[in-house]
Amino acid sequence: MESFLGQAHGYLCNSMPLWASIIGSLVVLLFIGYFGSPLLIWIIALLAIMIGFGAPVGLMVAFIVVSAIFLIKPIRKALVSGFVMKIMQKLGVVPQISGTERAALEAGVTWIEKDLFSGNPDFESMMKEPYGKLSDEEEAFMKGPVEELCKLCEPWKIWKNRDIPKEAMDYMKQKGFLGMIIPKEYGGLGFTAMAHSEVVMKIASRSLPASITIMVPNSLGPAELLVHYGTEKQKNYWLPRLAKGEEVPCFGLTEPLAGSDAGSITSSGVVFKDANGKLSIRLNWNKRWITLASISTVIGLAFRLRDPENLLGKGEDLGITCALIPSSTPGVVIGRRHDPLSIPFHNCPTQGHDVVVSLEEAVVGGLSGVGIGWNMLMDCLAAGRGISLPAQATGGAKLAYRVASSHSLVRKQFGVSIGKFEGVEEPLGRIGSSTYALDAVRRFTLGALDKGIKPAVVTAMVKYQATEIGRRVVNDAMDVLGGAGISLGHRNLIAEGYVATPIGITVEGANIMTRTLIVFGQGALRCHPFAFAEVDAIGKGDVAAFDVAFWGHIGHVVTNLCRSILLSFTRGYLASAPSGTHAKVRVHYRRLAWASATFAILADIAMGSLGGQLKLKEKITGRFADIFSNMYMATCVLRRFKEDGQLEEDLPYVQHFLKHSFVEIQKGFDGLFDNLKIPGLRWLFKEVLGAWSRINSIGSQATDGWSHLISTSMMGAVAQRDRLTAGIYWVGESTHGNAAVKSRLAAGDQTARLENAFTIITKAEAAEKKIRAAIKSGSIPKKKGQASWDDALSKKIISEEEYRLLSEADKVRFDAILVDDFDEKEYHEHVK
């Protein structure tokens, strides 16, 4: 044996230098780790390396014995795993999970975000995930009732009168808008998540108060809770009434002392028996920011239920419970309103003073629903966050795209459409690519929801990023419109969205909290393949479960360490893109794989070094959240590009947004390397790894050429423009026909005015080019406006029809850029 080892050692040493042997061995080990090879392969490889370097026989025997301990699970569990678990318990390195946190963690399921978190995403399978589709019935609803409702909701009138017209409210009820999520067997529309989103998106592009009024009954509230948790008696009583609009619901969760920390609600209910011996609840509450409360007929209420007499046999503190309280019940106080940034929807306080209800009738789910209200809420939010607010943000972005691009073509300064100035091209590029990405994120997420998946971390990401992107888009649109954007009136289509933007940022989990506590704070445990199982096993003292989770975690760390090193040195080129991928976007799949591996190893380092303290390091978790959510959005954009047929004309939008995403990912990594304080390794992380990360950056800014191509397409490519802004309220020839445009023009519809001007000016551009070319060649003298047209007509450079078109374009251009003005009486009175 010794002779054999000596010969092997001699061969290796004589055939290559020592440094080459060391580097070669390290590369072999890195590739073994890169491919996630099992422990046995590692043992064989390490043993071969030891033989090659002439390690003493005693050392190799010791290595084999130790390896056997870790390789044979019963021995490992008995000798190592139990000891490690006890040490972790004593050191308190595992985060303590409260009951409300556990409910949030267990709500919904994981989806492709788990792949992105893993460090080794399977893009081939991701790109096969379904997209949401509308049924024929849903398409008809969009073209009929939704379109009609948009016409009834004139945004300027609603703004000035501070109320949605009764005619529009009645129409919502009659056509089932308040019962879209209620199954057909109970009289509802039974729509998919895709249809729900499309309805909200279109109405949001017309009237935010109307969209919010529709969103609330179809989001977290009585209908949603009843569908999933109600007794048959409750469903049969309430759901048909809610579907027909006979009952108007609201849901009371937030309080003066419980906003983002909704688990700390003080609203209370006490179980008692009434004079007839019937189980009842006496309720007291003080809620605020409750949408529709002042006009509600039934209040969904979250409260903490107590049973001081132990009548239910479950102890005194029964936990958070949800109940339905008719607004007419004695002791209920409604009627007052908040004023959310002057956006006229009903957002209100409500109080309850010794309100008595039947436990079995009021508690959602009856007796079985007692104490599980928080689980109900988290489960419903796991889906709802991915529908309403992302739809609203996308509708606003598509409207901004349409308005800003129209204005950029129509508005001229220095004789040129302002959209041709590079200073305007820049925000137009951001508007275009962001709108493309928002719709990509919305549609891909809806595909999961309609598949029956409720990915809570994904929907939290989507709510956060959609509302933040919506904020950036409307800001850019305001900059492009300038004075036209700040002058209120029926001609201004985006001011309402600009004013209302902070509302979406704040509700359904304020964005600061969503980013720092939910996306990664909860996502780290939910999406990590082993972390939650480890925490759960330690909490239960289950050594067998801990053994599987802990050593699986160790293997996971080693694999991602190897992947992150190799992908960094090769700039992602070891990774591959799905088959059939467009050549110009393959690099983005490789960069995503690289980002995922780096993210995964840094996440494990942060969890391992900070332990239970990590959730308190919100600046750190926020940076992880930025990386995680940008990886998800980049995946959505790639999925949309594939779904839409990898169209060449969409490449500028794809490239521009993906460049932005990787820049944001790099910023996140930079912040982590600068601020992750790993004991004993601080210098290595900040000065060495951080420096290497910046030198070998994963992302760079999009070049100016991409924003130029986007802005050019926004102002000229009519079919693409229609496709990328489909699904909003916009009166144009391609969507409604010329007769409808003329009709809505006569009614003063600003979308019809802008689209008409855009269409005519686009048609007149060919004549303008002829005139410019004639002036440049010296065929006609340089003159302004009509004088040059006259010269061009006299020289037959343009036809009489082209002359007429130029005159009409000049007329509609002037009308389209006008803003509203009022006399004193008009300024102060309601709009009729």
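**A buried glutamate and its surroundings**

Guide: With a relative accessibility of 16%, Glu129 counts as buried; buried means under 20% relative accessible area, exposed over 50%, and partly exposed in between, with a 1.4 Å probe and protein chains only. This is a predicted model, in which local features need pLDDT of at least 70 and side-chain atom pairs count only at pLDDT 80 or more, while totals for chains, interfaces and linings use all residues. Residues are numbered from 1 along each chain as its sequence is written, and side-chain values use heavy atoms, with hydrogens and water left out.

Visitor: Which residue forms a salt bridge with Glu129?

Guide: The partner is Lys451, and the closest N and O atoms are 2.8 Å apart. A salt bridge here is a side-chain nitrogen of Lys or Arg within 4 Å of a carboxyl oxygen of Asp or Glu.

Visitor: Where do Lys451 and Glu129 lie in the chain?

Guide: The pair links distant parts of the chain, 322 residues apart. Lys451 is in the loop between α19 (422-450) and α20 (456-481), and Glu129 is in the loop between α8 (123-126) and α9 (136-152). Helices (H or I, at least four residues) and strands (E, at least two) are DSSP runs, numbered from the N terminus.

Visitor: Is Lys451 buried, exposed or partly exposed, and what is the value?

Guide: Lys451 is partly exposed, with a relative accessible area of 43%.

Visitor: How many salt bridges are there?

Guide: The count comes to 42 salt bridges by this rule. One of them joins Glu255 to Lys287, with the closest N and O atoms 2.9 Å apart. Glu255 lies in the loop between β1 (249-252) and β2 (268-273) and Lys287 in strand β3 (residues 279-291), so this pair ties together parts that are 32 residues apart in sequence.

Visitor: Are Glu255 and Lys287 buried or exposed?

Guide: Glu255 is buried, with a relative accessible area of 1%, and Lys287 is buried too, at 0%.

Visitor: What about Glu316 and Arg306?

Guide: Their side chains meet in a salt bridge, at 2.8 Å from N to O. Glu316 lies in the loop between β4 (298-306) and β5 (317-326) and Arg306 in strand β4, so the pair ties together parts that are ten residues apart in sequence. Glu316 counts as partly exposed at 41% relative accessibility, and Arg306 counts as partly exposed at 33%.

Visitor: Which residues are linked in a network of salt bridges?

Guide: Glu198, Lys398, Asp439 and Arg442 are linked in such a network.

Visitor: Let us change topic. How many aromatic pairs are there?

Guide: There are 28 aromatic pairs by the rule used here. Rings of Phe, Tyr and Trp (its six-membered ring) pair if their centres lie within 6.5 Å; planes under 30 degrees apart count as stacked, over 60 as edge-to-face and the rest as tilted. Phe569 and Trp692 form a tilted pair, 5.3 Å centre to centre, with 35° between the planes.

Visitor: Where do Phe569 and Trp692 lie?

Guide: Phe569 is in helix α26 (residues 543-569) and Trp692 in helix α30 (residues 682-695), so far as the chain goes 123 residues apart. Phe569 is exposed, with a relative accessible area of 62%, whereas Trp692 is partly exposed at 34%.

Visitor: Which residues do ring pairs link into a cluster?

Guide: The cluster consists of Phe117, Phe520, Phe599, Phe624 and Phe628. Phe117 is found in helix α7 (residues 112-118) and counts as buried at 0% relative accessibility.

Visitor: Which ring does the charged end of Lys160 sit over?

Guide: Lys160 sits over the ring of Tyr827, with its charged end 5.6 Å from the ring centre. A charge sits over a ring if NZ of Lys or CZ of Arg is within 6 Å of the ring centre and within 35 degrees of the ring normal. Arg241 likewise lies over the face of Tyr237, at 3.9 Å from the ring centre.

Visitor: And how many disulfides does the structure hold?

Guide: The structure holds zero disulfides, a disulfide being a pair of cysteine sulfur atoms within 2.5 Å. Cys322 is in no disulfide, and the nearest cysteine sulfur, that of Cys380, is 8.2 Å away. Cys322 counts as buried at 1% relative accessibility, and Cys562 is buried at 6%.
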